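Here is a friendly walk through one protein model, written for someone who likes to know the cut-offs behind each term. Have a look at the structure first, and then we can go through it piece by piece.

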Amino acid sequence: MVQPAVTQFLNSVLSQRGPSAVPYSEDTKWLIRQQLVSLTTAFPSLEPKTASFTHNDGRSVNLLQAEGTIPMTFQGVTYNIPVIIWLMESYPRHPPCVYVNPTRDMIIKRPHPHESLNGGLKEMQAEMEALEQQLQMVLMNTDVLEGWLRDNQGKKMAGLENPEDAFDCVDVLSKQMLDCTAADLAIEDTLYALDKALQVGAVPFDQYLRSVRALSREQFFHRATAAKVRAAQLQAQVANMAARTQHYGS
């Protein structure tokens, strides 16, 4: 039997916009909703919720998960195994990540093919290296900002009608990133306004779907372009850091 609270929760989460929105594409949200409803109907002990998931590179993202217990029969005895099922950003194109969430009184058999202390240590090491890289990037950006402040301290921005004209993109990639980000945020605001209009009955549902589909497609291209630009910028920053390291080393 479908639980009304589950349906209401999923409808609310999957319709959210803005920074707290879950990162699934619009054309898959209905399928995600249906699959989670089916899952919780089959296993009522599982509860859908949102939580922050931290990737190995240090990135945190708000994702859907189903947490609870699932029955497992072993040698004629049924055990309720506590699990957390994460729906990653690429879901449903890729399968979810399922983790056993052992309680304090559970015993993990050692050695086990799916349990390894070395694996955990390697994951922590990779996360530490990713955080160190992010720290280096922050320090480098701080140097750039401090240099700009030193060069422009005391200067008067005379003759500027628009304060935004005081800042110029340093290169083509930065200009492209600015344009993509502005377009992405503008579409996000438009989608939010469409959601509100639908809730008050100001826009027909079929027109809402067509508009959301078109805007989501356009937003996808802007985000894909921004990702490529970000990768190119990162590569340039790494090359710059390597050059600086060689300079200081010599």
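Beyond its neighbours within four places in sequence, Tyr24 is in contact with Lys29, Ile32, Leu63, Leu64, Leu87, Met88, Glu89 and Tyr91, where contact means heavy atoms within 4.5 Å. Before going further, please note that this is a predicted model, in which local features need pLDDT of at least 70 and side-chain atom pairs count only at pLDDT 80 or more, while totals for chains, interfaces and linings use all residues. Residues are numbered from 1 along each chain as its sequence is written, and side-chain values use heavy atoms, with hydrogens and water left out.

Tyr24 also belongs to the largest nonpolar core, which has 23 residues; Tyr24, Ile32, Leu63, Leu64 and Leu87 are those with the most contacts inside it. A nonpolar core here is a set of buried Ala, Val, Leu, Ile, Met, Phe, Trp, Tyr and Cys residues joined through side-chain atoms within 4.5 Å. Buried stands for under 20% relative accessible area, exposed for over 50%, and partly exposed for values in between (1.4 Å probe, protein chains only). Two or more residues of this core come from each of helix 1, helix 2, strand 2 (60-74) and strand 3 (77-87), and strand 3 gives the largest share, six residues. Apart from this core lies another, of eight residues, among them Ile187, Leu191, Val203 and Tyr208. In soluble globular proteins, nonpolar side chains tend to be buried together.

## The overall layout

How many helices and strands does the protein have? There are five helices and four strands, taken as DSSP runs numbered from the N terminus (helices are H or I, at least four residues; strands are E, at least two). From the N terminus on, the order of elements is α-α-β-β-β-β-α-α-α.

The protein has 250 residues, of which 23% are buried. Among its contacts with a separation of 6 or more, 52% are between residues 24 or more positions apart.

## Helix 1 against helix 2

Helix 1 (residues 4-14) packs with helix 2 (residues 26-42) at an angle of about 155°, and their axes are 10 Å apart. That makes the two helices roughly antiparallel. Axes are lines fitted to C-alpha atoms, for helices over the stretch in contact, with angles from 0 to 180 degrees between N-to-C directions; angles under 35 degrees count as roughly parallel, over 145 as roughly antiparallel, 65 to 115 as roughly perpendicular and the rest as oblique. On the helix 1 side, the contact is made by Val6, Thr7, Leu10, Asn11 and Leu14, and on the helix 2 side by Lys29, Arg33, Leu36, Val37 and Thr40. These residues divide into five nonpolar, three polar and two charged; Ala, Val, Leu, Ile, Met, Phe, Trp, Tyr, Cys and Pro count as nonpolar, Asp, Glu, Lys and Arg as charged, and the others, Gly among them, as polar.

Leaving aside neighbours within four places in sequence, Leu14 is in contact with Val22, Lys29, Arg33 and Leu64. Leu14 and Lys29 are 15 residues apart in sequence, with their C-alpha atoms 6.4 Å apart in space.

## Loops worth a look

Asp57 sits in the loop between strand 1 (47-54) and strand 2, and is partly exposed with a relative accessible area of 32%.

Gln75, in the loop between strand 2 and strand 3, has a phi near 55°, a positive value in a residue other than glycine. Gln75 counts as exposed, at 70% relative accessibility. In the loop between strand 3 and strand 4 (97-100) lies Pro92, and the peptide bond from Tyr91 to Pro92 is cis, with omega near 5°.

## Along helix 4

Ala197 is part of helix 4 (residues 172-199). Leaving aside neighbours within four places in sequence, Ala197 is in contact with Ala202 and Val203. Ala197 and Tyr208 are eleven residues apart along the chain, and 8.9 Å separates their C-alpha atoms.

Ala182 is also found in helix 4 and, at 44% relative accessibility, counts as partly exposed. The C-alpha atoms of Ala182 and His222, 40 residues apart along the chain, are separated by 9.4 Å.
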